[in-house]
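Hi,

Here is the structure I promised to pass on. Have a look at it first, and then read on for what turned up.

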Amino acid sequence: MMINSPVQQIKERLSIEEIVSSYIKLEKAGANFKARCPFHNEKTPSFFVSPDRASYYCFGCGAKGDIFSFIEEFEGLDFKGALKILAERAGIPLVQYSKEKEGEKEKLYRAMEEATKFFEKNLAENKKILEYLKSRGLEEKTIGDFKIGFSLLDWRTLFEYLKSKGFSDKEIELAGLVKKTEKGFYDRFRGRIMFPISDSSGRIIAFSGRIFEDDGKSAKYLNSPDTPIFSKSAVLYGLDKAKESIRKNNFSILVEGQMDLILSHQAGFRNTVAI
Ligand code: ZN
């Protein structure tokens with residue numbers, strides 16, 4: 001299948017006014033729609049959406065484009081992130097790109113995906129930690145929804161697992177999953193309850209690990225370092241799950257930690273995000 005064919009199918013199924021109006025309020029203006037621009041601050045609308053041209057244009061700041069560029073700008077995603085969101089909305093399955101053609105960032109996304117599965121498997125096999133999470137009020141479904149996992153108190157289990165999946169030392173290091181010493185690589189996260197952090201399209205870009213048995217020496221929380229796919233200051237935890245509800249409610253609830261966020265979502269406050 002040609003790479004651009006899902007893009008065309010998506011454009012046929014989703015109109016520009018439908019996409020834009022799911023984020024901001026549009027007003028009819030002749031054959032077009034207008035709104036206050038989401039990309040710059042203004043009091044009177046100079047942002048126009050044209051259904052005929054399937055595009056938008058702002059006379060104030062010059063922002064312009066189609067549904068893809070709108071999602072990229074609004075959600076702060078790259079093209080593939082926008083493609084993932086729009087394909088889901090249009091109900092069009094995306095064909096997996098072949099591994100050989102995969103770029104550096106795609107490899108890192110896949111490494112994070114594999115690491116998440118590995119941590120989830122560890123948790124499923126560790127009744128003691130599961131029981132602990134339940135005692136903190138988490139339901140099994142919630143644990144699955146948030147892909148919570150566990151990193152073993154061991155030096156190289158994740159590293160060796162990812163090597164067996166075909167990732168290079170360099171890729172695993174770039175993903176922020178290991179640290180390097182003269183003696184070689186070792187897992188950054190050990191003996192921690194693992195919370196994956198996603199971008200707004202739901203791709204896993206980092207982890208926050210909470211120590212399970214405090215040894216008095218290690219930090220209680222350890223986060224992934226900044227990587228080519230993760231910039232700490234640009235991410236809100238839970239935004240991928242909260243954004244629909246934030247749009248519907250027109251406000252969000254901000255909490256501090258991941259447990260607060262997960263428990264809020266579990267209790268039905270789905271417009272909650274965490275710093
Ligand atoms: Zn503008």
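Before the metal site, one convention: an N, O or S atom counts as a donor when it lies within 2.8 Å of the metal, and because water is not among the atoms, a site may look incomplete. Also keep in mind that this is a predicted model.

On to the zinc ion. Its ligands are Cys37 (SG), His40 (ND1), Cys58 (SG) and Cys61 (SG), at 2.1 to 2.3 Å. The angles between these 4 donor atoms run from 103 to 119°, so the arrangement is tetrahedral. For reference, the ideal angle for four tetrahedral donors is 109.5 degrees. Along the chain, the donor residues follow the spacing C-x2-H-x17-C-x2-C. What about their burial? His40 has 25% relative accessibility, so it counts as partly exposed, whereas Cys58, at 0%, counts as buried.

Next, the helices. Helix H3 (residues 67-75) and helix H4 (residues 79-90) have axes that come within 9 Å and cross at roughly 110°, which makes H3 roughly perpendicular to H4. On the H3 side the contact is made by Ile67, Phe68, Ile71, Glu72 and Glu75, and on the H4 side by Phe79, Ala82, Leu83, Ile85 and Leu86. Sorted by type, the residues of this contact are 8 nonpolar, no polar and 2 charged. Helix H1 (residues 5-13) joins in here: its buried residues are Ser5, Pro6, Val7 and Ile10, and the buried residues of H1 pack against H3 and H4.

Two single residues further along are also worth a look. Phe195 is in strand S9 (residues 192-198), and at 1% relative accessibility it counts as buried. Leaving out residues up to four places away in sequence, Phe195 touches Ile148, Ala206, Phe207, Ser208, Arg210, Tyr237, Gln258, Met259 and Ile262.

Apart from neighbours within four places in sequence, Asn271 is in contact with Ala242, Ser245, Ile246, Asn249, Phe251, Ser252 and Ile253.

Cheers

Definitions and conventions. Residues are numbered from 1 along each chain as its sequence is written. This is a predicted model: local features need pLDDT of at least 70, side-chain atom pairs count only at pLDDT 80 or more; totals for chains, interfaces and linings use all residues. Side-chain values use heavy atoms; hydrogens and water are left out. Donors are N, O and S atoms within 2.8 Å of the metal (3.2 Å for Na, K and Ca); water is not among the atoms, so sites may look incomplete. Four donors count as tetrahedral if all angles lie between 85 and 135 degrees; four count as square planar and six as octahedral if opposite donors are over 155 degrees apart and all others between 65 and 115; anything else is irregular. Buried means under 20% relative accessible area, exposed over 50%, partly exposed in between (1.4 Å probe, protein chains only). Axes are lines fitted to C-alpha atoms, for helices over the stretch in contact, and angles run from 0 to 180 degrees between N-to-C directions. Helices (H or I, at least four residues) and strands (E, at least two) are DSSP runs, numbered from the N terminus. Angles under 35 degrees count as roughly parallel, over 145 as roughly antiparallel, 65 to 115 as roughly perpendicular and the rest as oblique. Contact means heavy atoms within 4.5 Å. Ala, Val, Leu, Ile, Met, Phe, Trp, Tyr, Cys and Pro count as nonpolar, Asp, Glu, Lys and Arg as charged, and the others, Gly among them, as polar.
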